[in-house]
Amino acid sequence: MASWKFKSIFAIGALSVVLAGCSGSMNGIDHSKMNMDSGSAGETDHSKMKMEGTKASSKMADGQTVKPAVLTGKEINLTASVSNQEIAPGKTLPVWTFNNSVPGPQIRVKQGDTVKINLKNQLPEPVTIHWHGVPVPNAMDGIPGVTQNAVQPGQSFTYEFKADVPGTYWYHSHQDSVNQLDRGLYGSFVIEGKNEEKVDRDYTLMLDEWMSSGELSGMNMSGGNMSGMDHSTMNIGHDMSMYDLYTINGKSGSLLDQLPVKQGDKVRIRLINAGYLSHQIHLHGHEFKVIATDGQPINNPGILKDNVISIAPGERYDIEFVANNPGKWLIEDHGDNPAVKGMKATIAYEGAAAGSDKANESEKLTIVDMSRYGQPAKANFTLDQEYTLEYTMNLNTEMKNGEMVYTINGKTFPDTDPINVKKGDTVKVRLVNNSKSDDHPMHLHGHFFQVLNKNGKPLEGSPVIKDTLNLKPGEEYVVAFEADNEGNWMFHCHDLHHASSGMVTELKYTDY
């Protein structure tokens, strides 16, 4: 039985936020179509949540998706629509797509280009696009109710911005995004640098998790009626075990295409986590370097072998290696969940026999510590300089009114205190994860920040510039950035279950 992939079918309360409009007027948007309600999680009326996408799937999604394309040039057309995709051998699920593929097409543009992306919405619900990590003007950030009206079914919207900062980014819906991203509305976005070192092969691997079953809390999610659901079972931020299919580029296991190389090739692999779980990625058979994180270069990266890279939701890591070991080699996720067996790609040398590489996904390997990787270099910020503003974000998991919520300084959005800045301010933020068992990958829109300190120790290696930073339980980081992009911007956890249950604040320019 075909079923929706749902991490959480309920976009909870005002926290369809990120998700469906965080502040300000919705300017005439029809809330009845937004899969959201205005109450708290415990007050959401599921009978009114419409489930239009699920109902529509049987009528609109008879066809199958196609392979993701690569789109180049200064004007790009994207159409959001419903389809079906074989995710794992014999397991086809209804999906929401950009240009009838999951992931959507890779968009590749050149540094300095002004690009126009025309979005047409053929879905049964409103949609937007957020350009994750790309420092776009505020009006192009794709946040419904904050920077734009959501694009209604049958309507179009054009995003236009200059692609200034080269690197690996991605795009995804930010309307009811806890659900829409989960259904497949994402793709990769690459800005090619003017002085970029050329490689022979350039591959992008987008990581994600899916549910093969439509069952949640004893209820079939491919039906439309959600009234009467047991609220006590609804917040699934702690129980991610329903994700039994891990995918690379929308495919699991033997459905994955091989990555061909020739001996001597310089190979770049862009790893993007579009899911809600961290993944520990291991490249077999080769030495490699991490050359960038969140699209920003690492200074003089060192050689690694048999390390894993821990990639949290929203993060990107670019690795590079020389193909100097003929055969067929895995690049795979490591962990205890049986679903890791599906998250494997094969690097296949042209003309090589099958090879003798063996999966070892349950082996515990050392994680690359980015706070000590690469070589120091001059950076924009230091720990001891004076800052215009200093701010602390205590992140936590709490029970309030019988519901599990995710808080910043004890508050949930929209009651969290915004970071108020003026253009040109320098801002130092201390991030502390007080949750006992939850990771919090915190993503700042519209800006990059420099990581200065981890658990009380200054970084020892390359300067680390990011837009998404994962905090494990008990961890503390200090980051700094310049307020150099005016507007109202989200700062939220990119486990969107946590965002939809409160872990959101805003960076607000008071003179904007």
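This is a predicted model: local features need pLDDT of at least 70, side-chain atom pairs count only at pLDDT 80 or more; totals for chains, interfaces and linings use all residues.
Even so, Arg201 has a charged partner: a salt bridge joins Arg201 to Glu350, and their closest N and O atoms sit 3.1 Å apart. Arg201 belongs to strand β10, while Glu350 is found in the loop between β22 (344–349) and β23 (389–400), so the bridge ties together parts that are 149 residues apart in sequence. The Glu350 end is partly exposed, at 45% relative accessibility.

Lys266 is partly exposed at 22%, whereas Glu197 is exposed at 54%. Another bridge pairs Lys454 with Asp369, the closest N and O atoms being 3.8 Å apart. That pair spans 85 residues, from Lys454 in strand β28 (residues 449–454) to Asp369 in the loop between β22 and β23. Asp369 is partly exposed, with 30% relative accessibility. Then there is a network, in which salt bridges with shared partners join Arg108, Lys110, Glu192, Glu196, Asp202, Arg268, Arg270 and Asp318.

Now for the nonpolar side. In soluble globular proteins, nonpolar side chains tend to be buried together. The largest nonpolar core of this model holds 60 residues, and Ile269, Leu271, Val290, Ile309, Ile319 and Ile331 touch the most other members. Strand β10 (residues 201–210) gives this core five residues, the most of any contributor. Beyond its neighbours within four places in sequence, Ile269 is in contact with Tyr203, Leu205, Tyr317, Asp318, Ile319, Phe321, Ile331 and Ile347.

Asp415 sits in the loop between β24 (403–408) and β25 (419–421) and is exposed, with a relative accessible area of 53%. Although 87 residues separate Asp415 from Gly502 along the chain, their C-alpha atoms are 8.9 Å apart.

Zooming out, the protein chain is built with four helices and 34 strands. Of its 512 residues, 59% count as buried. Among contacts with a separation of 6 or more, 78% are between residues 24 or more positions apart. The accessible surface of the chain comes to about 18900 Å², and carbon and sulfur atoms account for 46% of that area.

How values were computed
Residues are numbered from 1 along each chain as its sequence is written. Side-chain values use heavy atoms; hydrogens and water are left out. Helices (H or I, at least four residues) and strands (E, at least two) are DSSP runs, numbered from the N terminus. Buried means under 20% relative accessible area, exposed over 50%, partly exposed in between (1.4 Å probe, protein chains only). Contact means heavy atoms within 4.5 Å. Accessible areas come from the Shrake-Rupley method with a 1.4 Å probe; for residues, only the protein chains shown count as cover. A nonpolar core is a set of buried Ala, Val, Leu, Ile, Met, Phe, Trp, Tyr and Cys residues joined through side-chain atoms within 4.5 Å. A salt bridge is a side-chain nitrogen of Lys or Arg within 4 Å of a carboxyl oxygen of Asp or Glu.
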